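This report looks at charged side-chain pairs and at a nonpolar core. The sequence and the model come first.

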Amino acid sequence: MKNVVVRFALAGLLFAMFAAQSLAGDEGCCCAHCGCLQPCQKVCRLVTEEKKVEVFCWGCKSEVFCVPLPSDWGEKHCDPVCDTCSDKASQGISSEPKKHVWYDWLPGCGAQIYTKKKLMRGVTTVKVPSFKWVVEDLCPDCTAKCEPAEMAPSVDFPPPPLVAEQVLILGPTPASTQSR
């Protein structure tokens, strides 16, 4: 019963959304700038925005380290291990006793200091101006008022791209009706 109620509620919501869209389509679309409901057309506009770009800086970092002089062997040690396998670490494994042999280490009489250079990379973020073409639905008033993006005099940019949907919105062009 609960699923049926939920389905009817969703169906009613979808119906209301489509009805609102069809009513809005009769009056016009919502202008992207002023928000009015007038007949709009799709327009390509050049928009300026800031873009963050990462710049990598390379450099060297000096690091000081010590190299010890030769060392000597110290006293020899011989320790029995695994002589009792009743330890918790053995986990029921039976083995025979084993000798572990190791030596003391006697450091040399000093060390020499050396310096090495390491290659390091740093990252800096820089903001640069960027341009992009956007498609917007604009009413005739806003189309006349919209200013293009500010460009430096030395910048040469291409014309706006053609909008494929423009033919569907405005209808057939005079050139296409004459060729028939």
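A residue is called buried when its relative accessible area is under 20%, exposed when that area is over 50%, and partly exposed in between. Glu63, with a relative accessible area of 30%, is therefore partly exposed. The model discussed here is a predicted one.

**Salt bridges**

Side chains of opposite charge can pair when their charged atoms come close. How many salt bridges does the structure hold? There are four salt bridges in it.

Lys42 is buried, because its relative accessible area is 18%. Asp137 is partly exposed, because its relative accessibility is 27%.

Glu63 takes part in a salt bridge with Lys116, at an N to O distance of 3.9 Å. Since Lys116 lies in strand S6 and Glu63 in strand S3, the pair ties together parts 53 residues apart in sequence. Lys116 has a relative accessible area of 38% and so counts as partly exposed.

The side chain of Glu63 also meets that of Lys118 in a salt bridge, 3.3 Å from N to O. This pair links distant parts of the chain, with Glu63 in strand S3 and Lys118 in strand S6, 55 residues apart. Through shared partners, salt bridges join Glu63, Lys116 and Lys118 into one network. Lys118 is partly exposed, because its relative accessible area is 35%.

The table lists the accessibility of these residues.

| Residue | Relative accessible area | Class |
|---|---|---|
| Lys42 | 18% | buried |
| Asp137 | 27% | partly exposed |
| Glu63 | 30% | partly exposed |
| Lys118 | 35% | partly exposed |
| Lys116 | 38% | partly exposed |

**Nonpolar core**

Which residues make up the largest nonpolar core? The core has six residues, namely Cys31, Cys40, Val43, Leu138, Cys139 and Cys142.

Cys31 has contacts with several residues, leaving aside its neighbours within four places in sequence. The residues in contact with Cys31 are then Cys36, Cys40, Asp137, Leu138, Cys139 and Cys142.

Methods. Residues numbered from 1 in each chain as written. Predicted model: local features only at pLDDT ≥ 70, side-chain atom pairs only at ≥ 80, totals over all residues. Heavy atoms only, no water. Buried < 20%, exposed > 50% of the residue type's maximum accessible area, 1.4 Å probe, protein only. Helix = DSSP H or I, 4+ residues; strand = E, 2+ residues; numbered from the N terminus. Core = buried A, V, L, I, M, F, W, Y, C linked by side-chain atoms within 4.5 Å. Contact = heavy atoms within 4.5 Å.
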